[in-house]
Amino acid sequence: MVDVKLNNITFGYNAEFVLNNISLTVENGEFVVVVGPNGAGKSTLLKIIAGLVEPAGGQVLIGGHRVRNAARQGIIGYVPQHYAQNTAAFPATVEEIVALGLVNSGLSLKSKGAKHIVSHMLELVGADMLKGRRIGELSGGQQQRVMVARALAGNPQLLLLDEPTSGIDYAASVKIYQLLSQLNTTLGITIVMVSHDIENATCSAAKVACINRSLCFFGSSEQFRSSHATMRHLWYYSGYTG
Ligand code: ADP
């Protein structure tokens, strides 16, 4: 298990600031959902935690390691936005897609060891019966399960997911959130997830970080749900005024 410490994270594309002085700590084994309006900087923040974007100021520590070291050690599993939909265009099977999560493991992807891990990951996400199917033939919810299995194959201690239920129907979305809750509880894996689905996401995650270019709220899901009605003014990004 690892914690995630964000210290005064600042970032801008070109001259415009997208993230201003964001500081928060996700504790070991915690499940945090990041919410906020479109354009608020949620995906950018997740990319910074994943080590894909370098902050202009501040520092990210994952289990006490700088992000690059954490990424090199395979501590981070990242499921980008629209990943399932983009991957669905490839004529690959579910097994092959999940095996790609092992590329940095040193195992040959065709080895017995790799096949065993792939089967186990698919069992964990409840998709073992889909093993031989082409990824493009699956429903959105099934594809997203496969993407979670792929991220888990590298045995990460931190799972980052960007809008894992976008484009998925309500019932399948609820099941994805239940799966993430279960992985968080049973594997003790720390989860940071961006979601627009406040109702369902805040039921699964214990904590909420509300971002609107700055950190507007960070606390328990219960607190967020009880105060969120009075926070409507935060739901529309209307230009940086800081
Ligand atoms: P959110 O995930 O909350 O919708 P993003 O982090 O995707 O927000 O984007 C925050 C702001 O940064 C938006 O105004 C978006 O247009 C801009 N942005 C995102 N990615 C890039 C990029 N690669 N280049 C320039 N601007 C970007």
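These legends walk you through several close-up views of the predicted model shown above.

Before you start, note that residues are counted from 1 along each chain as its sequence is written. Because the model is predicted, local features need pLDDT of at least 70 and side-chain atom pairs count only at pLDDT 80 or more, while totals for chains, interfaces and linings use all residues; side-chain values use heavy atoms, with hydrogens and water left out.

**View 1. The shell around the ligand.**
Welcome to the ligand and its surroundings: Y13, V18, P37, N38, G39, A40, G41, K42, S43, T44 and R213. By class, you will find 4 nonpolar, 5 polar and 2 charged residues here. In this grouping, Ala, Val, Leu, Ile, Met, Phe, Trp, Tyr, Cys and Pro count as nonpolar, Asp, Glu, Lys and Arg as charged, and the others, Gly among them, as polar. Which helix gives the most to the shell? That is helix 1 (residues 42-50), with 3 residues. Helices here are DSSP runs of H or I with at least four residues, strands are runs of E with at least two, and both are numbered from the N terminus.

K42 places a polar side-chain atom 2.8 Å from an oxygen atom of the ligand. From G41, a backbone N or O atom lies 3.0 Å from a ligand oxygen. Taken alone, the ligand exposes 560 Å², and the protein buries 58% of that. Such accessible areas come from the Shrake-Rupley method with a 1.4 Å probe; for residues, only the protein chains shown count as cover.

L100, V103 and L109 make a nonpolar surface patch of about 230 Å². Patches are built from residues with over 30% relative accessible area and no salt bridge; like charges are joined within 9 Å, and nonpolar side chains (Val, Leu, Ile, Met, Phe, Trp, Tyr) within 5 Å. Find L109 in the loop between helix 4 (94-99) and helix 5 (112-124). Is L109 buried, partly exposed or exposed? Its relative accessible area is 33%, so L109 is partly exposed. The cut-offs are under 20% for buried and over 50% for exposed, with partly exposed in between (1.4 Å probe, protein chains only).

**View 2. Salt bridges.**
Side chains of opposite charge can pair when their charged atoms come close. Here a salt bridge is a side-chain nitrogen of Lys or Arg within 4 Å of a carboxyl oxygen of Asp or Glu, and the count comes to 5 salt bridges. One of them joins the side chains of E54 and R68 at 3.3 Å, N to O. This pair links distant parts of the chain, 14 residues apart: E54 sits in the loop between helix 1 and strand 4 (57-62), and R68 in helix 2 (residues 67-72). E54 counts as exposed at 54% relative accessibility, and R68 counts as exposed at 55%. K5 and D3 also meet in a salt bridge (3.9 Å, N to O). Here K5 is partly exposed, at 32%, whereas D3 counts as buried, at 16%. R133 pairs with E137, their closest N and O atoms being 3.0 Å apart.

**View 3. Two residues with positive phi.**
N155 has a positive phi of about 55° although it is not a glycine. Look for N155 in the loop between helix 6 (140-153) and strand 7 (158-162). E163, not a glycine either, has a positive phi of about 50°; its place is the loop between strand 7 and helix 7 (170-187). Which of these residues is buried, and which is exposed? N155 counts as exposed, at 62% relative accessibility, whereas E163 counts as buried, at 10%.

**View 4. Buried residues in two helices.**
F224 lies in helix 9 (residues 221-227) and is buried, with a relative accessible area of 0%. A151, in helix 6, is buried with a relative accessible area of 10%.

Notes:
A residue is near a molecule or strand if one of its heavy atoms lies within 4 Å of it. A polar contact is a pair of N or O atoms within 3.5 Å; within protein, one must be able to donate a hydrogen and the other to accept it, and residues adjacent in sequence count only if both atoms are side-chain atoms.
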